[in-house]
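The exercises below go with the model shown next.

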Amino acid sequence: MVFSMQRVQPVRRALSLGLFAAAMGMAGLAQAQSGTPIRILVGFPAGAGTDAIARTLGEKLKDVLGVPVVVENRGGAGGQIAATVLKSSPADGHTLFLSHDHTISILPQVVKNPGFNPATDFVPVAGFATFANVLAVSGGTPAQSIDEYVKWVRTQKDGKETIGIPAPASIPEFLVKMISDKYKIDAQPAPYRGSAPMVADMLGNQITAGIASVPDFIENHKAGKVRIVASIGAKRQAVIPNVPTFTELGFSNLEDLPYYGIFAPVGTPQPIIDKYGDALQKVLAMPDVKQKLTTMGLTVGYEPQGQFAGRVRSYTQTWERIIQASGFKPL
């Protein structure tokens with residue numbers, strides 16, 4: 001068989017490009033192993049639940065990877081600031097983003113110009129947990145259940161209430177609207193810059209209710225300083241088994257659980273992605289890590305890149321339908 005040079009040249013170019021890509025991947029891996037610190041971006045202030053999770057994992061990843069790991073808080077705008085930092089970071093394996101669902105799945109749907117597109121700017125590394133958003137009441141109300149809380153609002157505030165949320169245009173904001181519609185009360189969301197200041201105001205009884213994740217409330221719930229009265233999800237959370245789900249209370253479309261995962265800039269070499277995924281899997285297998293994260297209110301479970309990417313897509317589509325049905329207009 002005779003090959004013409006016109007046919008051979010494209011083959012040579014393809015082989016050259018493949019070898020170049022492989023070389024770049026190995027160079028990036030070597031660079032990531034060089035001892036240069038890895039920074040994990042967190043889109044919320046220090047002291048919040050996401051920050052505590054990042055520091056727990058970062059400390060162990062440092063040992064597994066053999067390089068320094070630094071948690072960098074870029075709080076504000078529901079994680080938008082941190083996400084734009086990730087987008088502009090080199091795809092060399094030195095910058096990761098530990099995020100939950102809000103920044104990746106929700107924010108791009110509720111903000112006109114978020115400054116990033118998760119589908120084209122980021123690549124999932126791996127998932128490591130699911131959790132639940134919950135409604136909690138403060139010591140400023142005697143309510144022990146959502147029905148008692150609604151009754152208290154009707155009698156004490158003429159059916160008008162302000163419920164704290166960690167960020168505007170977030171799942172907690174849509175939950176406030178759903179609660180208001182179902183119970184026929186005038187509940188308005190009060191956006192905060194993260195969950196930490198919101199919880200602080202709840203502890204000071206400056207606000208009588210808030211919606212955030214289980215990790216944001218769990219320690220104060222256990223101490224009796226706030227009371228979690230309802231949770232999303234198809235079944236009750238193991239860390240709060242006596243708290244009913246919104247589904248049990250008659251709400252619909254609140255079965256899918258939010259997620260936590262790690263993301264990298266698009267273009268990060270696959271060997272680096274694989275290395276970090278393997279390292280995360282080893283960390284999650286450590287009994288002390290699993291126990292600590294579970295105590296925070298997470299359901300721990302490693303999801304490799306492909307599986308986690310599928311979860312992100314499915315969850316995003318679920319909330320796309322809910323947001324569109326609500327009539328919400330992007331900010």
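**Exercise 1.** How much space lies in the second largest cavity?

**Solution.** About 70 Å³ of space lies in the second largest cavity. A cavity is, on a 1 Å grid over the protein atoms alone, a set of points where a 1.4 Å probe fits but cannot get out, and lining residues have an atom within 4 Å of a point. Grid points are joined across faces, edges and corners, and a volume is the space filled by probe spheres set on the points. Before going on, note that this is a predicted model, in which local features need pLDDT of at least 70 and side-chain atom pairs count only at pLDDT 80 or more, whereas totals for chains, interfaces and linings use all residues. Residues are numbered from 1 along each chain as its sequence is written, and side-chain values use heavy atoms, with hydrogens and water left out.

**Exercise 2.** Describe the lining of the second largest cavity by residue, class and element.

**Solution.** Begin with the residues: Ile38, Ile40, Leu61, Leu65, Val69, Leu96, Val125, Ile262, Tyr276, Ala279 and Leu280 form the lining. Next, sort them by class, where Ala, Val, Leu, Ile, Met, Phe, Trp, Tyr, Cys and Pro count as nonpolar, Asp, Glu, Lys and Arg as charged, and the others, Gly among them, as polar. Finally, assign elements, taking helices (H or I, at least four residues) and strands (E, at least two) as DSSP runs numbered from the N terminus. Helix 10 contributes the most to this lining, with 3 residues.

**Exercise 3.** How many cavities of 30 Å³ or more does the structure hold, and which residues lie closest to the centre of the largest cavity?

**Solution.** The structure holds 2 cavities of 30 Å³ or more. The largest cavity contains about 220 Å³ of space, and among its 19 lining residues, Phe44, His100, Asn133, Pro166 and Asp216 are the closest to its centre. Two or more lining residues come from each of helix 2 (49-65), helix 4, helix 7 (171-183) and strand 8 (209-213). By class, the lining of the largest cavity divides into 9 nonpolar, 8 polar and 2 charged residues.

**Exercise 4.** What is the volume of the largest pocket, and which element gives the largest share of its lining?

**Solution.** A pocket, in contrast to a cavity, is an open set of grid points with protein on both sides within 12 Å along at least five of seven lines. The largest pocket has a volume of about 320 Å³. It is lined by 17 residues, of which Ile104, Pro118, Ala119, Val312 and Arg313 lie nearest the centre. Helix 12 supplies the largest share of this lining, 6 residues. The lining of the largest pocket includes 10 nonpolar, 5 polar and 2 charged residues.

**Exercise 5.** Which residue forms a salt bridge with Asp288, and where in the chain are the two partners?

**Solution.** A salt bridge requires a side-chain nitrogen of Lys or Arg within 4 Å of a carboxyl oxygen of Asp or Glu, and a search of the whole structure finds 11 of them. Asp288 pairs with Lys60, their closest N and O atoms being 2.9 Å apart. This pair links distant parts of the chain, with Asp288 in helix 11 (residues 287-295) and Lys60 in helix 2, 228 residues apart. To judge exposure, apply the cut-offs: buried means under 20% relative accessible area, exposed over 50%, and partly exposed in between (1.4 Å probe, protein chains only). Asp288 has a relative accessibility of 40% and therefore counts as partly exposed; Lys60, at 22%, also counts as partly exposed.

**Exercise 6.** Is Thr208 buried or exposed, and with which residues is Thr208 in contact?

**Solution.** Thr208 is placed in the loop between helix 8 (195-203) and strand 8. Its relative accessibility is 8%, so Thr208 counts as buried. Contact means heavy atoms within 4.5 Å; leaving aside neighbours within four places in sequence, Thr208 is in contact with Ala136, Val137, Ser138, Gly140, Thr141, Trp152, Lys157 and Glu161. The C-alpha atoms of Thr208 and Val226, which are 18 residues apart along the chain, are separated by 9.3 Å.
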